[in-house]
Amino acid sequence: MILYEIAEKTRQRVLELKNKRSLSVIKEEAFRLPKGKFLFEKNLSVDEVSFICEVKKASPSKGIIAEDFPYLEIARDYEAAGAAAISVLTEPYWFLGAAHYLTEISEAVNIPVLRKDFTVDEYQIYEAKIIGASAVLLICALLDTDTLREYIKIADSLGLSALVEAHDEEEVHSALDAGARIIGVNNRNLKTFEVNMQTCVNLRKLVPENIIFVAESGIKTREDILALGKIDAVLIGETLMRSADIKVELNALKGIKK
């Protein structure tokens, strides 16, 4: 399964990073920085649906999405168009991401940035803080409940928000048991990469109103968003990345006609 291939490759990547800079060194460096203010979840805690707009060059399911990849321009366009936050892929092999994309974007915009990667080691959370992230992604399919709880506590200690991603009932319960304050339900099955928009609708009822609920994957139109029911935010990547005019596209997704 591709998810576990990505996870295994990520473990190798983290091991290489640890050989260059140890966990103790990177941990100390992270805690020397000012503690974050949980801006990611604050920006999603508004009355209307918030938009987390994604910067990514490629994906396993779609291949190369952006041959030309002016990531700073894209990020600035997202901010100007009213995005609540930006998601940046840092996984280098399947998504062609890089840590420096996130660092440069976080310095170029004034909205929070989510590190979109496959977190399999606490090292990556400390690294996320150092490279400029305001939030990290934790995927339930890769982490058991105890590990999720531990990683959320690490993120909290750094002032980082944690977007905990689930795909089925068991994973939603795991996220809740771990103390997740933001739960993202992925309409894409990360084991098969098939998309079912009903996944969010079915799982929404399991998530209490006080938990921020994020819908992820497969969202292309305003009608898709309305069909999801009561949600707090959507994470959208490919639709915006392929758009000729990000502001016009985002306004259409918001239901604004201009």
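What relative accessibility does Arg181 have, and how does the residue count on that basis?

Modeller: Arg181 has a relative accessibility of 32%, so it counts as partly exposed; buried means under 20% relative accessible area, exposed over 50% and partly exposed in between, with a 1.4 Å probe and protein chains only. This is a predicted model, in which local features need pLDDT of at least 70 and side-chain atom pairs count only at pLDDT 80 or more, while totals for chains, interfaces and linings use all residues. Residues are numbered from 1 along each chain as its sequence is written, and side-chain values use heavy atoms, with hydrogens and water left out.

One is Glu41, which it meets in a salt bridge at 2.9 Å, N to O (a side-chain nitrogen of Lys or Arg within 4 Å of a carboxyl oxygen of Asp or Glu). Arg181 sits in the loop between helix 8 (169-177) and strand 8 (182-186), and Glu41 in helix 3 (residues 39-44), so this pair ties together parts 140 residues apart in sequence. Helices (H or I, at least four residues) and strands (E, at least two) are DSSP runs, numbered from the N terminus. Glu41 counts as buried, at 12% relative accessibility.

The other partner is Asp156, whose salt bridge to Arg181 also spans 2.9 Å, N to O. Asp156 belongs to helix 7 (residues 145-158), while Arg181 is in the loop between helix 8 and strand 8, so the pair joins parts that are 25 residues apart in sequence. With a relative accessible area of 23%, Asp156 is partly exposed. Arg181 also lies over the face of Phe38, 5.4 Å from the ring centre; a charge sits over a ring if NZ of Lys or CZ of Arg is within 6 Å of the ring centre and within 35 degrees of the ring normal.

Next, helix 8. Its buried residues are Glu171, Val172, Ser174 and Ala175. Viewed down the axis of helix 8, these fall within an arc of 160°, so they line one face of the helix (the arc is that of the directions from the helix axis to the C-beta atoms). Exposed residues Glu170 and Asp177 are on the face turned away from the buried side of helix 8. The cover over the buried residues of helix 8 includes helix 7, strand 7 (161-166), strand 8 and helix 9 (198-204), where contact means heavy atoms within 4.5 Å. Gly179 follows helix 8 and has a positive phi, near 90°.

Just after helix 4, Gly82 has a positive phi of about 100°.

Strand 4 (residues 85-89) holds Ser87, which is buried at a relative accessible area of 0%. Beyond its neighbours within four places in sequence, Ser87 is in contact with Ile52, Cys53, Glu54, Val55, Leu114, Lys116 and Leu235. Of these contacts, Glu54 forms a salt bridge with Lys56 at 3.5 Å, N to O. Glu54 counts as buried at 2% relative accessibility, and Lys56 counts as buried at 11%.

Across the whole structure, a search finds 14 salt bridges and 5 aromatic pairs. Rings of Phe, Tyr and Trp (its six-membered ring) pair if their centres lie within 6.5 Å, with planes under 30 degrees apart counted as stacked, over 60 as edge-to-face and the rest as tilted. Phe95 and Phe118 have ring centres 5.8 Å apart and planes at 35°, so that pair is tilted. Phe95 is in the loop between strand 4 and helix 5 (99-108) and Phe118 in the loop between strand 5 (113-116) and helix 6 (122-131), 23 residues apart. Both of these Phe residues are buried. Ring pairs also link Phe69, Tyr71 and Tyr101 into a cluster. As for charges over rings, the charged end of Lys9 sits over the ring of Tyr93, 4.6 Å from its centre.
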